[in-house]
Amino acid sequence: MRARFSELLAEAAVREGAVGAFTCYNLETAIGALRAAEERGRGTILLVSKQSFAAAGGDLLLRALVAAADTAPTPACVQLDHVSDPGTIERAFALGAGAVMADGSKLPLQENVRLVRAAGALGQVEAELGGIEGDEDVAAAVAGGALTDPAEAAALVDEASVACLAVSIGNVHGLYAAPPSLDWPLLEAIRDRVELPLSLHGASGLPDEDVRRAISLGVRKVNVNTEFREAYLSVSEEWLDRVRAGARVLELNQAQIAGIADVAGRKLDVLG
């Protein structure tokens, strides 16, 4: 069943856990995530990446995930991730997205506020403050002063309608070349200044104990992407020779779904 973004965050807060947000590239990844959520009686968020939405068939992918959320036995929401173009945000809401991640993290604070305000007039919004780097670039985030400033976080939340705030505390998208060192005092300071669910991106490469600690400090949404892609490709590689005879595509699809469900299930267990 389709659920509001804010409702999933509120439910996570009540159980002192976090909702899993899984980047889905096709129906196999979405079905796997929803299957794991159903087995645990959990709500979930199906993420559409900016790149997927911009690619050929991006509109159809978003609509397909909305249909999957509608028919899911547990609450589900579709969110477009990391977009800053107002037209793209408007199109996503028109196609049925329940939320967008309006990413103004590279903008000056007041421009970020204006972006989030404009998106918030159309639907529920996750904002980002501080830059969450990719390609293992923790050093760039820290050296560039891109970690979330608690005072700016409080100002953004005061000036714009935000359902959730993504924070940069030393986390990055993708995997980590070395064990990450998250800034726990900074996360505590943000939590103390912002009475709002916080979001942790780049959780694929984080140890489970770090994810649990982040949840204990106010994180209510955890994004998973790289682990999904790796599982999908690994299962596909493993099964291609098995299904080649007879071109048994359906059997391959079912294996992909099962592999994704296993990854999503293990992550949901960590999220409490």
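**A walk around the barrel**

Me: Which residue in strand 5 stands opposite V100?
Reply: This is a predicted model, so treat it as one. Strand 4 (residues 99–102) and strand 5 (residues 124–129) pair in the parallel sense, over four bridges. Across from V100, the residue in strand 5 is V125.

Me: Which strands does helix 5 touch as it packs on the sheet?
Reply: Helix 5 covers residues 86–94, and its direction makes about 165° with that of strand 4. The strands it touches are strand 3, strand 4 and strand 5.

Me: OK, zooming out: in what order do the eight strands close into a barrel?
Reply: The pairing around this barrel is parallel. Neighbouring strands of the sheet are turned by 25° against each other on average, ignoring direction. The order is 1-2-3-4-5-6-7-8.

Me: At what angle does helix 1 run to strand 8?
Reply: Helix 1 (residues 5–14) lies across a whole list of strands, including strand 1, strand 2 (44–48) and strand 6 (164–167). Strand 8 (219–224) is on that list too. Helix 1 runs to strand 8 at about 115°.

Me: How far from the centre of the ring of W239 is the charged end of R242?
Reply: Here a charge meets a ring: the charged end of R242 sits over the ring of W239. Its distance from the ring centre is 4.4 Å.

Me: Is H82 buried or exposed?
Reply: H82 has its place in strand 3 (residues 76–83), and its phi is positive, about 50°, although H82 is not a glycine. Its relative accessibility is 14%, and the cut-off is under 20%. Therefore H82 counts as buried.

Me: And A247, buried or exposed?
Reply: A247 lies in the loop between helix 11 and helix 12 (249–271). Its phi is also a positive value, near 50°, in a residue other than glycine. With 57% relative accessibility against a cut-off of over 50%, A247 counts as exposed.

Me: Which residues touch the most other members of the largest nonpolar core?
Reply: That core has 70 residues. There is also a second, separate core of twelve residues, with A21, C77, A163 and C164 among them. Leaving out residues up to four places away in sequence, L187 touches V167, I169, L198, A214, L217 and V219. Back in the largest core, the residues touching the most other members are L62 and L187.

Me: How far apart are A54 and T88 in space, C-alpha to C-alpha?
Reply: A54 lies in helix 3 (residues 50–54) and is exposed, with a relative accessible area of 65%. In sequence, A54 and T88 are 34 residues apart. In space, C-alpha to C-alpha, they are separated by 8.8 Å.

Me: What distance separates the C-alpha atoms of A189 and L217?
Reply: A189 is found in helix 9 (residues 184–193) and counts as partly exposed, at 27% relative accessibility. Along the chain, A189 and L217 are 28 residues apart. Their C-alpha atoms are separated by 9.6 Å.

Key
Residues are numbered from 1 along each chain as its sequence is written. This is a predicted model: local features need pLDDT of at least 70, side-chain atom pairs count only at pLDDT 80 or more; totals for chains, interfaces and linings use all residues. Side-chain values use heavy atoms; hydrogens and water are left out. A charge sits over a ring if NZ of Lys or CZ of Arg is within 6 Å of the ring centre and within 35 degrees of the ring normal. Helices (H or I, at least four residues) and strands (E, at least two) are DSSP runs, numbered from the N terminus. Buried means under 20% relative accessible area, exposed over 50%, partly exposed in between (1.4 Å probe, protein chains only). Two strands pair if DSSP finds at least two bridges between them. Axes are lines fitted to C-alpha atoms, for helices over the stretch in contact, and angles run from 0 to 180 degrees between N-to-C directions. Contact means heavy atoms within 4.5 Å. A nonpolar core is a set of buried Ala, Val, Leu, Ile, Met, Phe, Trp, Tyr and Cys residues joined through side-chain atoms within 4.5 Å.
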